[in-house]
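Subject: Structure handover and notes

Hi,

Here is the structure I promised to pass on. Please have a look at it first, and then read on for my notes.

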Amino acid sequence: MVKMSFDDTATRYGAEPGGGAPTKVKITFVDSNGQPRTVEGEVGSTVMETARRNDIPEIAAECGGACACATCHVYVDEKWVEKAGKPSQMEEDMLDFAFDVKPNSRLCCQITVRPELDGLVVTTPAQQG
């Protein structure tokens, strides 16, 4: 049996052993009252899945991530809008059912967690669609 040791830094930041890309990133969810909550999201999952796994309040995600409702509506912090990307036409159509839509509104089921989103900040509206 071969004993492996992991670099503390790599483990702490979610990198693969041997220096690969991070497998987890930090995402901060700010609720409608301004209370922030920072959690780890797995690369390849969605921001909505991260919210559900971490019991983030105010994200109902009733359709389970199928982009068939607007109950995972978030506001992407302005400094993250470009990195998060633009909504697809289908997402824009669903945002029509969301409450208090703004230019930085997204359905978090449509934002894939990627290494470049480490530190992402999103805020939930006062109510969901």
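In which sense do E3 and strand E5 (residues 120–123) pair, and over how many bridges? E3 and E5 pair in the antiparallel sense, over two bridges; strands count as paired if DSSP finds at least two bridges between them.

Before more of that, a word on where the values come from. This is a predicted model, in which local features need pLDDT of at least 70 and side-chain atom pairs count only at pLDDT 80 or more, while totals for chains, interfaces and linings use all residues. Residues are numbered from 1 along each chain as its sequence is written, and side-chain values use heavy atoms, with hydrogens and water left out.

**Overall picture**

The protein has four helices and five strands. Helices (H or I, at least four residues) and strands (E, at least two) are DSSP runs, numbered from the N terminus. Along the sequence they follow the pattern α-β-β-α-β-α-α-β-β. Of the 129 residues, 38% count as buried; buried means under 20% relative accessible area, exposed means over 50%, and partly exposed lies in between (1.4 Å probe, protein chains only). The accessible surface comes to about 7500 Å², and 50% of this belongs to carbon and sulfur atoms. Those areas come from the Shrake-Rupley method with a 1.4 Å probe, and for residues only the protein chains shown count as cover. Among contacts (heavy atoms within 4.5 Å) between residues at least 6 apart in sequence, 60% join residues at least 24 apart.

On the E4 side, tyrosine 75 stands opposite serine 105. On the E5 side, valine 76 has valine 122 as its bridge partner. His73 and Tyr75 point one way from E3, Val74 and Val76 point the other way, and all are buried.

Is threonine 71 buried or exposed? Threonine 71 is buried, because its relative accessible area is 5%. Its side chain reaches the backbone nitrogen of glutamate 62 at 2.8 Å. That makes a polar contact, meaning a pair of N or O atoms within 3.5 Å; within protein, one must be able to donate a hydrogen and the other to accept it, and residues adjacent in sequence count only if both atoms are side-chain atoms. Leaving aside residues up to four places away in sequence, threonine 71 touches Ile59, Ala60, Ala61, Glu62, Gln128 and Gly129.

Serine 45 is in the loop between strand E2 (36–42) and H2. With a relative accessibility of 6%, serine 45 counts as buried too. A polar atom of its side chain lies 2.6 Å from the backbone oxygen of glutamate 42. Serine 45 touches Thr50, Arg53, Ile111, Thr112 and Val113, again not counting residues up to four places away in sequence. Serine 45 and threonine 112 are 67 residues apart in sequence, but their C-alpha atoms are 5.8 Å apart in space.

**Salt bridges**

How many salt bridges does the structure hold? There are four, each a side-chain nitrogen of Lys or Arg within 4 Å of a carboxyl oxygen of Asp or Glu.

One of them joins lysine 24 and glutamate 40, with the closest N and O atoms 4.0 Å apart. Lysine 24 lies in strand E1 (residues 24–30) and glutamate 40 in strand E2, so this pair ties together parts that are 16 residues apart in sequence. Glutamate 40 also forms a salt bridge with lysine 26, where the closest N and O atoms are 3.4 Å apart. This pair likewise ties E2 to E1, so it links parts that are 14 residues apart in sequence. Lysine 24 is partly exposed at 34% relative accessible area, glutamate 40 at 36% and lysine 26 at 41%.

Arginine 114 and glutamate 116 meet through their side chains in another salt bridge (2.9 Å, N to O). Arginine 114 is partly exposed at 24% relative accessibility, as is glutamate 116 at 41%. Through shared partners, salt bridges join Lys24, Lys26 and Glu40 into one network.

Best wishes
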